[in-house]
Amino acid sequence: MSAPYDPSARSAQEAQGTPMPPDYQGISGPRTWHTSRYGQVPHTGPLTSAHEEIPFVDFPGIAVTSTGVHTPAGSIPLHQARFFLADRTWTTRSTPGWAIALAIGGFFVLTFFSLLFLLAKEERTTGYVDVTVTGAGVSYTSSVPVRDARILAEINSRWAYAQQLAGRA
């Protein structure tokens with residue numbers, strides 16, 4: 001059996017934090033990650049005690065643990081936390097540049113068939129999502145940038161899970 005995890009026994013490299021993996025840069029940009037024997041754990045500002053809790057769900061500036069919600073504005077007991085989501089994203093459909101280039105270039109070779117490239121469409125989702133947590137006299141809103149539909153779906157699932165955790169407490 002190994003010795004219990006001691007957060008004060010981190011190396012100097014870990015204490016400074018390492019950059020987040022590229023997959024999460026659009027969701028939690030300003031955070032740093034510390035590596036422990038439990039894997040990568042996001043380090044949040046309010047959790048500074050010797051017994052840091054591992055967040056179940058996190059947004060930029062918001063960490064939901066088994067006992068409460070920790071934000072830069074203060075901590076909220078989990079059973080008093082209420083989560084709100086404001087979706088401020090938009091989706092546009094357009095003809096991609098490569099299709100226009102192939103239609104123009106192919107016009108001299110196959111006149112009619114090259115115009116079929118103009119039927120290609122791509123969707124782009126941009127904007128941001130506001131995640132707000134309130135309770136126990138504390139309110140905090142975090143704006144999360146969204147660059148594609150997958151990030152939007154992940155934020156929605158994190159928000160639903162945070163609501164579910166607060167409802168069970």
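This is a predicted model: local features need pLDDT of at least 70, side-chain atom pairs count only at pLDDT 80 or more; totals for chains, interfaces and linings use all residues.
Q: Which strands pair with β8, and in what sense?
A: For strands, look at partners, direction and bridges. Strand β7, residues 82-94, pairs with β8 in the antiparallel sense over 13 bridges. On to β9. Nine bridges join β8 to β9, and these two also run antiparallel. Here T134 stands opposite S139 in β9.

Q: How should I picture side chains along a strand?
A: In a regular strand, side chains alternate between the two faces of the sheet. Keep that in mind as you follow a strand by eye.

Q: How many residues lie between β8 and β9 in their hairpin?
A: Two residues lie between them. Look at the backbone angles in the turn. A136, in the loop between β8 and β9, has a positive phi of about 55 degrees, although it is not a glycine.

Q: What share of the protein chain is buried?
A: Of the 169 residues, 33% are buried. The accessible surface comes to about 10,300 Å². Carbon and sulfur atoms account for 59% of that surface.

Q: Which residues touch the most other members of the largest nonpolar core?
A: This core has 21 residues. Those touching the most other members are I62, V64, V69, F83, V131, V133 and I155. Next, ask which elements supply the core. β3 (57-59), β4 (62-64), β8 (122-135), β9 (138-146) and α4 (149-168) each give at least two residues. The largest share, six residues, comes from α4.

Q: What does V133 touch, leaving out residues up to four places away in sequence?
A: Leaving out those sequence neighbours, V133 touches I62, V69, T71, I76, A81, R82, F83, V138, S139 and Y140.

Q: Which element holds L165, and is L165 buried or exposed?
A: L165 is found in helix α4. Its relative accessible area is 11%. The cut-off for buried is under 20%, so L165 is buried. Beyond residues up to four places away in sequence, L165 touches F56, V57, V64 and L78.

Q: How far apart are L165 and T65 in sequence and in space?
A: Compare the two distances. L165 and T65 are 100 residues apart in sequence. Their C-alpha atoms are 9.0 Å apart in space. For the whole protein chain, take contacts between residues at least 6 apart in sequence. Of these, 54% join residues at least 24 apart.

Q: Which residues make the nonpolar surface patch?
A: The patch is made by I100, I104, F107, F108, V109, L110, F112, F113, L115, L116, L118 and L119. It covers about 1,300 Å². The elements giving two or more residues to the patch are α2 (97-106) and α3 (111-114).

Q: Is I104 buried or exposed?
A: I104 sits in helix α2. Its relative accessible area is 54%. That is over the 50% cut-off, so I104 is exposed.

How values were computed: Residues are numbered from 1 along each chain as its sequence is written. Side-chain values use heavy atoms; hydrogens and water are left out. A nonpolar core is a set of buried Ala, Val, Leu, Ile, Met, Phe, Trp, Tyr and Cys residues joined through side-chain atoms within 4.5 Å. Buried means under 20% relative accessible area, exposed over 50%, partly exposed in between (1.4 Å probe, protein chains only). Helices (H or I, at least four residues) and strands (E, at least two) are DSSP runs, numbered from the N terminus. Contact means heavy atoms within 4.5 Å. Patches are made of residues with over 30% relative accessible area and no salt bridge: like charges are joined within 9 Å, nonpolar side chains (Val, Leu, Ile, Met, Phe, Trp, Tyr) within 5 Å. Accessible areas come from the Shrake-Rupley method with a 1.4 Å probe; for residues, only the protein chains shown count as cover. A salt bridge is a side-chain nitrogen of Lys or Arg within 4 Å of a carboxyl oxygen of Asp or Glu. Two strands pair if DSSP finds at least two bridges between them.
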